[in-house]
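Here are my notes for you, as promised. Please have the sequence and the 3D view open while you read.

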Amino acid sequence: MEGKEIKVRNTTLAGGTLSVCSAIVGKNEAQLLEEAEEIFPKKPDLVEWRADFFEQIDHTDAVLRAADRLRKKLGDIPLLFTIRSEKEGGKEIPLDEQEKVALLKKVCETESVDLIDFEVDNKQEDIQELQQKTQAQDVKLVLSFHNFKETPSENEMLSKLEKAKSYQADIGKLAVMPNDMSDVLSLLQITQTAEKNLDIPVITMSMGTDGALSRLIGWKFGSALTFAVGSKSSAPGQIPIEIVRQLEGYLSHEN
Ligand SMILES: O=C1C[C@@](O)(C(=O)O)C[C@@H](O)[C@@H]1O
């Protein structure tokens, strides 16, 4: 496979190799640390903090302190910081868009977080501001798109990944809901096309029960990361990390 690689701490993300991310979704610091402790021995390649679940999201100090504590618990596992917007399936939060961008920028200034996620369809100025910040702080920018209702056309899905690339994102991400198995095929098809033609890594997944298959085999089609359950699930169709890794053995040439 030809896609570009991204190195974050000791993790290399690239299409064609399995890398696994587990999300933590705690409401408070104690829950977050408990989840991190459960996940750590399972050695995910990346951990995502879904901070839209955090009750003190509107207290910058509390967010930064929790990020610091998580960093210490996670050793050298890279941390992806995500405040998923409500319109793309996240929790309702008491921050407006400007406050959210300000918080993301603050988080980038810490040593705790290695990547941030922001939706590719957000306001252009906000994306550009965050792109500059991440670049200056050596944090990776993931620009993402989610549709929890359906799978858009192949062209539309490809155009979301191209849009991420056009903003100079480090990674483009797509999570969509299939209505049947041909939607899952479409997602895998465009993953392969994007991995060949875009010079940034892409992360793709089809959600729900039908889409779960894409979480197991998407890497063979070029997805640089799959989301799997380490402690709690953060989206429909996620499979326990142990199962994803077990299957990898049967799908790898080395084994
Ligand atoms: O973008 C994604 C992908 C995801 O929605 C999934 O389907 O696994 C899970 C989210 O936590 C993450 O931010």
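1. A word on the model. This is a predicted model, in which local features need pLDDT of at least 70, side-chain atom pairs count only at pLDDT 80 or more, and totals for chains, interfaces and linings use all residues. Residues are numbered from 1 along each chain as its sequence is written.

2. The ligand shell. There are 16 residues around the ligand, and Ala-23, Ala-175, Phe-227, Ser-234 and Ala-235 come nearest. The shell divides into six nonpolar, five polar and five charged residues. At least two shell residues each come from strand 4 (46-50), strand 7 (140-147) and strand 8 (171-176). Strands here are DSSP runs of E with at least two residues, and helices are runs of H or I with at least four, numbered from the N terminus.

3. The UniProt record. The unreviewed entry lists Glu-48, Trp-49, Arg-50, Arg-84, Arg-215, Ser-234 and Gln-238 under "binding site". Such annotations may be inferred rather than shown by experiment.

4. Trp-49 and Arg-50. Trp-49 has its place in strand 4, and Arg-50 lies in strand 4 too. Are they buried or exposed? Trp-49 is buried because 27 other C-beta atoms lie within 10 Å; for Arg-50, also buried, the count is 22. (Buried means 20 or more other C-beta atoms within 10 Å of the residue's own, exposed 12 or fewer, with C-beta atoms placed from the backbone.) Beyond four places in sequence, Trp-49 touches Ile-24, Leu-70, Leu-79, Phe-81 and Thr-82. Contact means C-beta atoms, placed from the backbone, within 7 Å.

5. Helix 6. This helix (residues 181-197) has 17 residues and spans 24 Å from first to last C-alpha, close to the 24 Å expected at 1.5 Å a residue. Its buried residues are Asp-183, Val-184, Leu-187, Leu-188, Ile-190, Thr-191, Ala-194 and Glu-195. They lie on the same side of helix 6, because they cover an arc of only 165° around the axis. On the other side, Met-181, Ser-182 and Lys-196 are exposed. The cover over the buried residues includes helix 5 (154-166), strand 8, strand 9 (202-206) and helix 7 (208-217).

6. An annotation to look at. UniProt's unreviewed entry gives residues 113-140 as "coiled-coil region". In the model, residues 113-140 are 50% helix and 21% strand, with end C-alpha atoms 9 Å apart.

Methods: A residue is near a molecule or strand if its C-beta atom, placed from the backbone, lies within 6 Å of it. Ala, Val, Leu, Ile, Met, Phe, Trp, Tyr, Cys and Pro count as nonpolar, Asp, Glu, Lys and Arg as charged, and the others, Gly among them, as polar. Two residues are in contact if their C-beta atoms, placed from the backbone, lie within 7 Å. The expected span of a helix is 1.5 Å times one less than its number of residues. The arc is that of the directions from the helix axis to the C-beta atoms.
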